Amino acid sequence: MSNNSSYNELVLKFANVNGSGSASANTFCAKALFRMGIPVSAKNIFPSNIQGLPTWYEIKISESEQLARRDGIDVMVAMNAQTYEQDINEVLENGTFIYDSSLLRDFKRDDINIIGIPIAKLCADAYTDSRQRQLFKNIVYLGSLSLLIGIDFDVIKQLLSDQFGSKPKLYDQNIKALEIGRQYVKENIKYPLEKQVRKSNKNTNKIMINGNEAAGLGAVYAGATVASWYPITPSTSLVESFEKHAMKLRKNEDGTFNAAIMQAEDELSAVGMAIGANWNGARAFTATSGPGISLMSEFIGLAYFAEIPLVLFNIQRGGPSTGMPTRTQQSDVLSCAYASHGDTKQVLLFPADPNECFYFAIESFDYAERLQTPVIVLSDLDIGMNDWVVDKLEWDPNYKHDRGKVLNSKELENAKDFGRYKDVDGDGIPYRTIPATHPELGAYFTRGTSHNEYGGYTENGVIHAKTLDRLEKKFDTGKSLLPQPEIIINSPKTKIGIINFGSTTKAINETLNHLSSKGIGINHMRIRAFPFSKKIDNFINEHEVIFIVEQNRDAQMKKLLVNEIDSISSKLLSILNYDGMPLTAQFLIDKISEHLEEDIDINQLIAPPIKIV
Amino acid sequence: MTFIKKPIFRHPSLPKNDLGLTYRDYEGLVSTLCAGCGHDSITASIVQSCYDLSLPAHKIAKLSGIGCSSKTTNYFLNQSHGFNTVHGRMPSVATGANLANRDLIYIGVSGDGDTASIGLGQYCHAIRRQLNVTYIVENNGTYGLTKGQFSATNDKKSKNKKGADNPFGAIDLALMAIELGAGFVARSFSGDKEQLVPLIKKAIAYNGFSLIDVISPCVTFNNHPHSTKSYDYIREHNTAMGELDFVPEKENIQAKYSEGESVDVTLHDGNSINLQKLDGNYDPRDQDKAVSILRKYRGEGKVVTGLLYINEDANEMHETLKTSTTPLNAIPMNDLCPGIDELDKLNKSYT
């Protein structure tokens, strides 16, 4: 090994044709690196297509746990001739470009290491079946790569054995393909590369999971029994996760299930079913993405006004309209916060990673039932569909699900004068009843028309205004109930802050580390819920200039803050990224540095961090 | 008229059903529909059916969409939970409610606008899933609350009250329901309680999707120009009244006729429909026959009423989904939440 070797700090990228079986091989590679104890972050950049279009898979490998995306590729495995030109341009100086040299190509870059492996030829020689020839190409390059960057072969074998334990034939076939790739490297190529991996110990108590898997599982732990949905990228795998776990963990001896999963005819119906089931006392949810939110808006207003609990997962994608279905954005903040016509406000939760998706999925049902209102969990494609390395999921056996203010038969008998929409406790939250609770008491009429405290129809403007005021009070009650922001004071004296929410957190952390190393201290607040906690007002008031990072064009979170908190707009400087790709730290560093360098007033507000990283 | 409270007084000699309840115990609030509205007769038939069947009202959920018909869920079964959903979306809310608790009785009330136009998709899919609901369409061929536009069940070439022709053909909800696999399909007339009450009872008893398409005349917007109680007539004779808000008093149209008999019923607008009551020999288990009889009578300009089709072997939604026999909303949290050991296993699977 040369002295130039560096370990566990590189970006590895696979360029493939979609529908060719590459996805499972690439995920497999990320998992092997994870099992070696190395911090990794994987991003699947895929087309809205079934077969034949370019697709990429990026793995950032970082011993120092700087796991936000970064541009510039160290090792590119280029398996799609359509995109060679674009792919080779992304390779950093002294980086490596590996391609299928069954068809030799002359690439015009002499500042990088170009490696040709005749993968198609190797497979044509080894297999007769055309499908095998295609599929095993992915395993062959994985074999080659394992030698080139040093992925532990025993780890790979163990992973294969875990995956195909019950199918020894498949196991053997995969090992054979791996060996073909390794053999070729051994005989023809100088290995390992300068950029390598080696075993580490960073993944103790960590798991590798995507947000939709975690949220679907969270809904099982929340005790949800009804999932109604309409397929839409990138939310589909959330309900599939719920279904998979519920069918396994909730099966009765007579072959029936303690869950119902209903694929609806459209999003309107999907949310209608979830509302009907919640109204009738089950915990029910739906999952969708931007276009679905537009379709569901009328029903969301009904649930808001009739005060029916509802949990809705919005896995955001690139909008507007059909937009970029397979790219990530945070561009539904406003359309969700004020979803539906009339005076409406919806509770939003912003998970930062799959781990938080699990907990928010559980808590969202508690909040929905406590506040008797829709709760929208705003995840995104990056969190929902990419595999993240996060802390393992924990469960407190003493956790008590909060079913909110629901009167049982005895309580109804003790209640003097039940009125469904009476503010008995002064917190704006009334008591509800579930159908069939009591033979004579507690029945009421649920409606989207204006209603009095007993649910009766009214066109009395005074009563209508009073109801709207109570709903506002209820919303305020949510401020202290919902997840509080996460605040990190890097520098007690600095007057500069940065605000983010959701999936951009890794890029923020990496940026703040970097700026800290340059002596620039910026305090950080991650918003986790709307309505905004008082702590959010305080953080903003304590700083003079606040960067606010969002993955949308219109600065939607800034607008929401300005809308909801008085006189703060001049302090908020937006940093916006809306190209559909997960945020890079470099992008943030550049934007913040621009402000700091160009604006003397801001520059004077800087104070050094407590400790320089 | 919602401000008028119904007297709680019950005559001591009112007959009681098996639960010891009187007919009055199954009533709802006072109707605010136009006097003489066919929908009120349907409401009375629902009350009568539930009373006759001695149903515990709190075990019934009544759901509706938006429109005159959908208001009526407020006018029956005060002891039942009711849900006025959004326009055309009652089927999905009823589906969700039913998923949560399979043990309740679900009565869905809708209109021709609510079902045949804005809600046609949800109607079709609720049928397709064999949702266990008694789905009553109060079909008057017109949009009442928005003042008399044609609905999608209005027959082609029929006229609105301004004399304009309806340019488009009608959707036959019963025919559609049969095609889509509804287990129980009937058509009736709001003025024929003798037929309607037994049909509602059968529909409630049926385990699956049951449609009753009830022709229910609108007294206000299908009005006869020469009638002494028409808008024109009232305008000529009473200038003090607001034109849109005034609705003439009318008696419900009643029709009495025997099985196999055909009868012309004169509607408020002076037109008549010919009701053909199915005879005793008709076998409603034959799907093809049901379709052909509907087509045949429609071709002759007649409306055929009665139980048109029943599938005694249909699997209702929960049987298809294999949901637990205990209603999902009654399963304790402890049985639903897998706990810490399962999570440990899952954590391992994610490494």
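## Basis of the model

The structure is a predicted model, in which local features need pLDDT of at least 70 and side-chain atom pairs count only at pLDDT 80 or more, while totals for chains, interfaces and linings use all residues. Residues are numbered from 1 along each chain as its sequence is written, and chains are lettered from A and ligands numbered from 1 in the order in which they are written.

## Chain A

Chain A contains 20 helices and 23 strands; helices (H or I, at least four residues) and strands (E, at least two) are DSSP runs, numbered from the N terminus. The C-alpha trace spans about 85 × 70 × 40 Å along its principal axes.

Of the 613 residues of chain A, 53% count as buried. A residue is buried if 20 or more other C-beta atoms, placed from the backbone, lie within 10 Å of its own, exposed if 12 or fewer, and partly exposed in between. Among contacts in chain A with a separation of 6 or more, 75% join residues 24 or more positions apart; two residues are in contact if their C-beta atoms, placed from the backbone, lie within 7 Å.

## Gln66(A)

Gln66(A) is located in the loop connecting strand E4 (54-62) to strand E5 (73-78) of chain A. Because 19 other C-beta atoms lie within 10 Å, Gln66(A) is partly exposed. Its C-alpha atom is separated by 25 Å from that of Ile156(A), 90 residues apart along the chain.

## Chain B

Chain B has 12 helices and 11 strands. Of its 351 residues, 47% count as buried. Of the contacts in chain B between residues at least 6 apart in sequence, 69% join residues at least 24 apart.

## Helix contact between the chains

Helix H9 (residues 267-279) of chain A packs against helix H3 (residues 90-100) of chain B at an angle of about 45°, and their axes are 6 Å apart. Axes are lines fitted to C-alpha atoms, for helices over the stretch in contact, and angles run from 0 to 180 degrees between N-to-C directions. H9(A) and H3(B) are therefore oblique to each other, as angles under 35 degrees count as roughly parallel, over 145 as roughly antiparallel, 65 to 115 as roughly perpendicular and the rest as oblique.

The residues that meet include Leu268(A), Met273(A) and Trp279(A) in H9(A), and Val93(B), Ala97(B) and Leu99(B) in H3(B). By class, this contact of H9(A) with H3(B) has 11 nonpolar, 6 polar and no charged residues. Ala, Val, Leu, Ile, Met, Phe, Trp, Tyr, Cys and Pro count as nonpolar, Asp, Glu, Lys and Arg as charged, and the others, Gly among them, as polar.
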